[in-house]
Amino acid sequence: MSGLTTLLPILTWAPNYERKNLRSDLAAGVTVGAMLVPQAMAYALLAGLPPEIGLYAATIPVIIYALFGTSRQLAVGPVAIVSLLTATALAPLVEEGTGGYLAAAALLAIMVGVVHLVMGVGRLGFLVDFLSHSVLVGFTAAAAIIIGFSQTKHLLGISIERKDHYYETVGEVGSNVGDADGIT
């Protein structure tokens, strides 16, 4: 049985779950769900995918982690930076909105998952220690700026094409700002 509990940690904690925690756990689950549904849909749109893909990305990993995971504090699901990286990686390869784009995004997710598994089995997490704090802060800040600016088209109600470079997107918004919808 110990081999099975190592593979499925849920078999260790679920039989010992205290019923008194059910009410607060349900309240926490509903609260997270209320935030996660629109957030996951927005992340899918940011990646150039249909919103329902975000719902799959928000639920399926959580269910799998509930069965196989060991941390009680880990958040699992889509994040803005990964959505941005997905869109950036696929934009030069496949036209957004096509079946090929969806297939390429699925293949990219599988490839990244395999790399994570290999790195986990190889105990290579220590490599992250070689990234300086400045690099991580710069990456996160740049991602926030790019994500925020990518939503300008929705804020102004203008139509702009997705560009490969940030400065091209800024130029596209600047040249179309005259078409902004006043009500929007």
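Biologist: Does Ser83 count as buried or exposed, and how do you know?

Modeller: The model is a predicted one. Ser83 has a relative accessibility of 7%, and buried means under 20%, so Ser83 counts as buried.

Biologist: Where is Ser83 found, and which residues is Ser83 in contact with, leaving aside its neighbours within four places in sequence?

Modeller: Helix α5 holds Ser83. With those neighbours set aside, Ser83 is in contact with Tyr43, Leu46 and Ala47, where contact means heavy atoms within 4.5 Å.

Biologist: What makes up the largest nonpolar core?

Modeller: Eight residues form the largest nonpolar core: Ala44, Ala47, Leu49, Ala87, Leu90, Tyr101, Ala104 and Ala105. A set of this kind is called a core because its members are buried and are joined through side-chain atoms within 4.5 Å. Both α5 (80–90) and α6 (99–121) supply at least two residues of this core, and α6 gives the largest share, three residues. Apart from this core lies another, of six residues, including Leu46, Ala80, Leu84 and Ile147.

Biologist: Which residues does Tyr101 touch, not counting residues up to four places away in sequence?

Modeller: Tyr101 touches Ala47, Gly48, Leu49, Thr86, Ala87, Leu90, Val94, Glu95 and Glu96.

Biologist: How many aromatic pairs does a search of the whole structure find?

Modeller: The search finds two aromatic pairs.

Biologist: Why is the pair of Phe126 and Phe130 called edge-to-face?

Modeller: The ring centres of Phe126 and Phe130 are 6.4 Å apart, and rings pair if their centres lie within 6.5 Å. Their planes stand at 75°, and planes over 60 degrees apart count as edge-to-face, so the pair of Phe126 and Phe130 is edge-to-face.

Biologist: What makes the pair of Phe149 and Tyr166 edge-to-face, and which parts does the pair tie together?

Modeller: The centres of these two rings are 5.7 Å apart and the planes are at 70°. The angle is over 60 degrees, so the pair of Phe149 and Tyr166 is edge-to-face. Because Phe149 lies in helix α7 and Tyr166 in helix α9 (residues 166–176), the pair ties together parts that are 17 residues apart in sequence. Tyr166 has a relative accessible area of 36%, so Tyr166 is partly exposed.

Biologist: How much space lies in the largest pocket, and which residues are the closest to its centre?

Modeller: The largest pocket holds about 1,900 Å³ of space. It is lined by 50 residues, of which Val82, Ala109, Val112, Gly113 and His116 are the closest to the centre. Helix α6 gives the largest share of this lining, 14 residues. By class, the lining of the largest pocket has 38 nonpolar, 11 polar and one charged residues.

Biologist: What volume does the second largest pocket have, and which elements give two or more residues to its lining?

Modeller: The volume of the second largest pocket is about 1,200 Å³. Among its 29 lining residues, Trp13, Asp25, Ala66, Ser71 and Arg72 are the closest to the centre. The elements that give two or more residues to this lining are α3 and α4, and α4 has the largest share, eight residues.

Notes:
Residues are numbered from 1 along each chain as its sequence is written. This is a predicted model: local features need pLDDT of at least 70, side-chain atom pairs count only at pLDDT 80 or more; totals for chains, interfaces and linings use all residues. Side-chain values use heavy atoms; hydrogens and water are left out. Buried means under 20% relative accessible area, exposed over 50%, partly exposed in between (1.4 Å probe, protein chains only). Helices (H or I, at least four residues) and strands (E, at least two) are DSSP runs, numbered from the N terminus. On a 1 Å grid over the protein atoms alone, a cavity is a set of points where a 1.4 Å probe fits but cannot get out, and a pocket is an open set with protein on both sides within 12 Å along at least five of seven lines; lining residues have an atom within 4 Å of a point. Grid points are joined across faces, edges and corners, and a volume is the space filled by probe spheres set on the points. Ala, Val, Leu, Ile, Met, Phe, Trp, Tyr, Cys and Pro count as nonpolar, Asp, Glu, Lys and Arg as charged, and the others, Gly among them, as polar. Rings of Phe, Tyr and Trp (its six-membered ring) pair if their centres lie within 6.5 Å; planes under 30 degrees apart count as stacked, over 60 as edge-to-face and the rest as tilted.
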